[in-house]
Amino acid sequence: MSLRPLHDRVIVKRLDQETKTASGIVLPDAATEKPDQGEILAVGNGKILDDGKVRPLAVKVGDRVLFGKYSGQAVKIDGQELLVMREEDLFAVVEK
């Protein structure tokens, strides 16, 4: 990927959600919600603080993260829909 986010921004790829219920019913795309989990594909250098110092981001490439359903700005790169968002829009890192 040829995308490098600036400062405290990250590039996130949404992870697909299950479209089948536990009982085996297949849900159409219109009935499913946007996934709120994703994988970080790229991170910026860090947040610039008031004193001019740069604080590195707490997330790294490959982390699985939780975010709000309407967080970030959607962009399409090489036919793939990605999200550009600030680190502060992320809720948590999902640890395995």
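Predicted model: local features only at pLDDT ≥ 70, side-chain atom pairs only at ≥ 80, totals over all residues.

Biologist: Okay, and how many helices and strands does the protein have?

Modeller: There are zero helices and eight strands, and from the N terminus onward the order of elements reads β-β-β-β-β-β-β-β.

Biologist: Back to that loop, then. What does Asp89 contact, leaving aside its neighbours within four places in sequence?

Modeller: With those neighbours left aside, Asp89 is in contact with Phe67, Gly68 and Ser71. Asp89 and Ser71 are 18 residues apart in sequence, while their C-alpha atoms are 6.6 Å apart in space.

Biologist: And why is Asp89 called partly exposed?

Modeller: Its relative accessible area is 28%, and partly exposed covers what lies between buried, which is under 20%, and exposed, which is over 50%.

Biologist: Switching to the inside: which residues make up the largest nonpolar core?

Modeller: That core has 10 residues in all, namely Val10, Val12, Ile40, Leu57, Val59, Val65, Phe67, Leu83, Met85 and Leu90. Strands E1, E5 (64–67) and E7 each supply at least two residues of this core.

Biologist: Pick one of them for me. What is Val65 in contact with, beyond its neighbours within four places in sequence?

Modeller: The contacts of Val65, with those neighbours left aside, include the core members Val12, Ile40, Val59 and Leu90. Val65 is also in contact with Asp36, Gln37 and Gly38, and with Ala92, Val93 and Val94.

Biologist: What about Arg64, where is it?

Modeller: Arg64 lies in strand E5 and is partly exposed, with a relative accessible area of 36%. Leaving aside neighbours within four places in sequence, Arg64 is in contact with Leu15, Gln37, Gly38, Ala92, Val93 and Val94, and a polar contact of 2.8 Å joins its side chain to that of Gln37. As for Val12, Arg64 is 52 residues away from it in sequence and 9.1 Å away in space, C-alpha to C-alpha.

Biologist: Now charges. How many salt bridges turn up in the whole structure?

Modeller: A search of the whole structure finds four salt bridges. As background, side chains of opposite charge can pair when their charged atoms come close.

Biologist: Show me one. What does Lys69 pair with?

Modeller: Lys69 forms a salt bridge with Asp36, and the closest N and O atoms are 3.7 Å apart. This pair links distant parts of the chain, with Lys69 in the loop between E5 and strand E6 (73–77), Asp36 in the loop between E1 and strand E2 (37–43), and 33 residues separating them. Lys69 counts as partly exposed at 27% relative accessibility, and Asp36 counts as partly exposed at 26%.

Biologist: And which residue does Glu87 bridge to?

Modeller: Glu87 forms its salt bridge with Arg55, where the closest N and O atoms are 3.2 Å apart. Glu87 is in the loop between E7 and E8 and Arg55 is in strand E4 (residues 54–55), so the pair ties together parts that are 32 residues apart in sequence. Glu87 is buried at 13% relative accessible area, whereas Arg55 counts as partly exposed at 32%.

Biologist: Lys60 and Asp63 also pair up; are those two buried or exposed?

Modeller: Their side chains meet in a salt bridge at 3.1 Å, N to O. Lys60 is exposed, with a relative accessible area of 53%, while Asp63 is buried, at 11%.

Technical notes
Residues numbered from 1 in each chain as written. Heavy atoms only, no water. Buried < 20%, exposed > 50% of the residue type's maximum accessible area, 1.4 Å probe, protein only. Contact = heavy atoms within 4.5 Å. Core = buried A, V, L, I, M, F, W, Y, C linked by side-chain atoms within 4.5 Å. Helix = DSSP H or I, 4+ residues; strand = E, 2+ residues; numbered from the N terminus. Polar contact = N/O pair within 3.5 Å; in protein donor to acceptor, adjacent residues only side chain to side chain.
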